[in-house]
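Morning, everyone. Please have the sequence and the viewer open, and let's walk through this one together.

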Amino acid sequence: GLMATVSGYIVDLDSRDSLLFNYSTAFKIMAVCWAADLLVVSGLRVPERAGVSTNPWAEVGKLFSSMKTIAFLFWCVMVGFVFGAMGLHFWLLEDLGGNKSCDDSRNIKLLQGLCLTVNCIGETPVFFLSGILLTWLGNSLCMTVVLVAHGMRLLYYSMLVTPWQVLPIELVQGITFGLFFPCLVSVSAQSAPPGAETTMTTLAFIMFDGLGCSLGGWVSGWLYQIVGGSLTYRYFGCAALVGAAVNMMLQRKVQQEE
């Protein structure tokens with residue numbers, strides 16, 4: 001997170017006499033950080049757990065007749081759909097900076113780096129506390145909270161006037177990202193047959209990333225080109241809140257069936 005701010009500042013500094021941004025130093029920093037990540041990951045010891053399922057995909061496939069599984073996969077797709085629009089918010093910041101004044105656009109890469117730093121500040125404690133939060137609130141409520149947080153964040157983006165106003169809402173990354181992934185893994189493990197937990201988690205990520213994010217990225221890019229960034233985020237914010245309401249109804253139905 002901290003290196004994002006450093007990289008953004010250096011990019012702005014290297015590009016101050018040019019009409020184009022010079023990202024070369026940022027790519028060098030990224031290469032060093034990736035090498036450090038690989039070094040750390042190579043030393044991890046992940047305990048292996050022998051599965052008891054001989055055909056996990058077949059067993060997971062049987063769950064599609066379950067309302068609980070359908071509701072969970074709908075949630076994965078819906079979160080992915082609105083999450084897919086997040087990738088465009090740096091475009092929005094650049095548009096807002098260019099529309100207002102040179103001062104707003106002069107340090108735009110520093111601002112974008114600060115956004116990522118604030119994201120990490122928001123999500124890191126939530127990752128550590130996710131087990132407690134899931135136990136205290138329950139999976140169903142956490143699923144709804146994640147979509148509501150996405151809605152609030154996207155609607156906030158739609159109301160931005162200057163790019164630097166974005167920083168406070170970036171703390172909500174703790175919920176939209178830091179709570180989402182533990183919740184997804186938790187529900188996947190609870191929904192899957194014994195020995196098929198990894199397969200169920202894979203299916204959930206396919207629905208989130210492969211379907212939801214892809215569709216959300218395409219639709220948000222198309223809307224951004226037609227109606228602009230502010231309206232695009234307003235539409236996606238409303239979609240997230242509608243998705244939260246639908247998720248509440250589906251979870252209530254699941255509880256009634258159980």
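Start with what I count as an element: helices of at least four residues and strands of at least two are DSSP runs, numbered from the N terminus. With that in hand, the order from the N terminus reads α-α-α-α-α-α-α-α-α-α-α-α. That is 12 helices and zero strands. One caution before we go on: this is a predicted model.

Now the overall numbers. The protein has 258 residues, and 43% of them are buried. The accessible surface is about 13900 Å². Carbon and sulfur atoms hold 68% of that surface. Next, contacts. Take those with a sequence separation of 6 or more: 80% of them join residues 24 or more positions apart.

Is leucine 134 buried or exposed? Its relative accessibility is 13%, and buried means under 20%, so leucine 134 counts as buried. Which residues does leucine 134 touch, once those up to four places away in sequence are set aside? They are Asn139, Cys142, Leu179, Pro182, Cys183 and Ser186. Look at the leucine 179 partner. Leucine 134 and leucine 179 are 45 residues apart in sequence, yet their C-alpha atoms are 8.5 Å apart in space.

Leave aside its neighbours within four places in sequence, and glutamine 251 contacts Ala71, Ser140 and Met143.

On to charges. Side chains of opposite charge can pair when their charged atoms come close. How many salt bridges does a search of the whole structure find? Two.

Bridge one joins lysine 109 and glutamate 94, at 2.7 Å from N to O. Lysine 109 is in helix H7, and glutamate 94 is in helix H5, residues 89-100. The two are 15 residues apart, and the pair links distant parts of the chain. Lysine 109 has 9% relative accessibility, so lysine 109 counts as buried. Glutamate 94 comes out at 31%, so glutamate 94 is partly exposed.

Bridge two joins glutamate 170 and arginine 153, at 3.0 Å from N to O. Here, too, the pair links distant parts of the chain, 17 residues apart. Arginine 153 lies in helix H8, residues 139-158. Glutamate 170 is in the loop between helix H8 and helix H9, the latter spanning 173-176. Glutamate 170 has 0% relative accessibility and counts as buried. Arginine 153 is at 3%, and counts as buried.

Cysteines, quickly. The whole structure has zero disulfides. Cysteine 115 is buried, at 0% relative accessibility. Cysteine 120, at 26%, counts as partly exposed.

Now the aromatics. A pair of aromatic rings is described by the distance of the centres and the angle of the planes. The search of the whole structure finds 15 aromatic pairs. Take phenylalanine 21 and tyrosine 23. Their ring centres are 6.1 Å apart and their planes meet at 50 degrees, so the pair is tilted. Phenylalanine 21 is partly exposed, with a relative accessible area of 35%. Tyrosine 23 is partly exposed as well, at 36%.

Then phenylalanine 180 and phenylalanine 181. Why is this pair called edge-to-face? The centres are 4.8 Å apart and the planes stand at 65 degrees; over 60 counts as edge-to-face. Phenylalanine 180 is buried, with 1% relative accessibility. Both rings belong to a cluster linked by ring pairs. The cluster is made of Phe72, Trp75, Phe83, Phe127, Phe177, Phe180, Phe181, Phe205 and Phe208.

Last stop, the surface. There is a nonpolar patch of about 640 Å², made by Leu215, Trp218, Trp222, Ile226, Val227 and Tyr235. Which helix gives the largest share of that patch? Helix H11, residues 197-227, with five residues. Valine 227 lies in helix H11. At 30% relative accessibility, valine 227 counts as partly exposed.

That's the tour. Over to you.

Terms used: Residues numbered from 1 in each chain as written. Predicted model: local features only at pLDDT ≥ 70, side-chain atom pairs only at ≥ 80, totals over all residues. Heavy atoms only, no water. Buried < 20%, exposed > 50% of the residue type's maximum accessible area, 1.4 Å probe, protein only. Contact = heavy atoms within 4.5 Å. Patch = residues over 30% accessible without salt bridge, like charges linked within 9 Å, V, L, I, M, F, W, Y side chains within 5 Å. Areas by Shrake-Rupley, 256 points an atom, 1.4 Å probe, with all protein chains shown as cover. Salt bridge = Lys/Arg side-chain N within 4 Å of Asp/Glu carboxyl O. Disulfide = S-S within 2.5 Å. Phe/Tyr/Trp six-rings, centres within 6.5 Å; stacked < 30°, edge-to-face > 60°.
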